[in-house]
Amino acid sequence: MGTPGTIRDLLRAIPAVASDLPDPDPAAAPGDPVPLFVQWLATAIGGQVPEPHAMTLSTVDSGGRPSSRVLVCRDVDANGSWYFASAAASRKGRELRANPNAALTFYWPQQGRQIRLRGTVTAAGAERSAADFLARSPESRAESLTGRQSEVLADPAEAEIALQEARARIAARPALVAADWTLYALTADEVEFWQADEQRLHTRLRYERTNRGAWTRVRLWP
Ligand SMILES: Cc1cc2nc3c(=O)[nH]c(=O)nc-3n(C[C@H](O)[C@H](O)[C@H](O)COP(=O)(O)O)c2cc1C
């Protein structure tokens, strides 16, 4: 525990935004958020953002209480679906079953950019989930094969043994797929692009999907 004020002082000494930030022109933005997302992603990848595919998934339980965690983005398609994969029995899997409404957030500090999405999550099906699983490294597959994500771990030795067993099972059967590994798609109905500005005139551009499936966009106050 620090002395009172120490943590606050540490936090206040952090510079607010990076410098030499991009200066987007919202009037020139595409009519669909996916190409803009791809542009920003490419800039993040080329711009030294560590793990630019990491995003925060926020879900809510049946009582409306939210929870968030970081996941890797596995794909984005032209329909405006963002994909991630996890164990269906995990906390997020259970919450998504109870309430498919969820949000995703990307943060790319090197460019002063945030992207927020809101939408409905569906499972992409057994075949695509299996393909996602098999595209992972053997280590990642072994971890998922233990099949107990988000359960209480009473004895860490148990996890070590389970991981060793899973590694052996994968070595014996490389095509083995964890039964509850699930590829999920969040189909966005709202996507907001946020660009920091050193003069604090941050740019916010929010796309909304209409009932007919087309996208409209509005600017928001910073
Ligand atoms: C950079 C990073 C990437 C991660 N990627 C994944 C992922 O793709 N799938 C996953 O299930 N967990 C991933 N995790 C772990 C999750 O954050 C989380 O701890 C786990 O999924 C359990 O969440 P839950 O208890 O809310 O279900 C990642 C964590 C970090 C920090």
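Analyst: The protein has six helices and nine strands, both being DSSP runs numbered from the N terminus (helices H or I, at least four residues; strands E, at least two). This is a predicted model, in which local features need pLDDT of at least 70 and side-chain atom pairs need pLDDT 80 or more, while totals for chains, interfaces and linings use all residues. Residues are numbered from 1 along each chain as its sequence is written, and side-chain values use heavy atoms, without hydrogens or water.

Along the principal axes, the C-alpha atoms fill a box of roughly 55 × 55 × 40 Å. Of the 222 residues, 36% are buried. Buried means under 20% relative accessible area, exposed over 50%, and partly exposed in between (1.4 Å probe, protein chains only).

Now the ligand. Its shell consists of Glu-51, Arg-69, Val-70, Leu-71, Val-72, Ala-85, Ser-86, Ser-90, Arg-91, Lys-92, Gln-149 and Ser-150. By class, the shell splits into four nonpolar, four polar and four charged residues. Here Ala, Val, Leu, Ile, Met, Phe, Trp, Tyr, Cys and Pro are nonpolar, Asp, Glu, Lys and Arg are charged, and the others, Gly among them, are polar.

A polar side-chain atom of Ser-150 comes to 2.5 Å from a ligand oxygen. Val-70 uses a backbone N or O atom, 2.6 Å from an oxygen of the ligand. Arg-69 places a polar side-chain atom 2.8 Å from a ligand oxygen. The cut-off for a polar contact is a pair of N or O atoms within 3.5 Å; within protein, one must be able to donate a hydrogen and the other to accept it, and sequence neighbours count only if both atoms are side-chain atoms.

Taken alone, the ligand exposes 620 Å², and the protein buries 67% of that. These areas come from the Shrake-Rupley method with a 1.4 Å probe; for residues, only the protein chains shown count as cover. The elements that supply two or more shell residues are β2 (66–72), β4 (81–87) and α3 (91–98). β2 gives the most, with four residues.

Arg-91 deserves a separate look. It is found in helix α3. Its relative accessible area is 44%, so Arg-91 is partly exposed. Arg-91 and Thr-59 are 32 residues apart in sequence, yet their C-alpha atoms are 9.4 Å apart.

Then the charges. Side chains of opposite charge can pair when their charged atoms come close. The structure holds twelve salt bridges, each a side-chain nitrogen of Lys or Arg within 4 Å of a carboxyl oxygen of Asp or Glu. One of them joins Arg-74 and Asp-132, with the closest N and O atoms 2.6 Å apart. Arg-74 sits in the loop between β2 and β3 (75–76) and Asp-132 in helix α4 (residues 126–134), so this pair ties together parts 58 residues apart in sequence. Arg-74 is partly exposed at 32%, whereas Asp-132 is buried at 8%. Asp-132 also pairs with Arg-136, at 3.1 Å between the closest N and O atoms. Both Arg-136 and Asp-132 are buried.

Key. Near = heavy atom within 4 Å.
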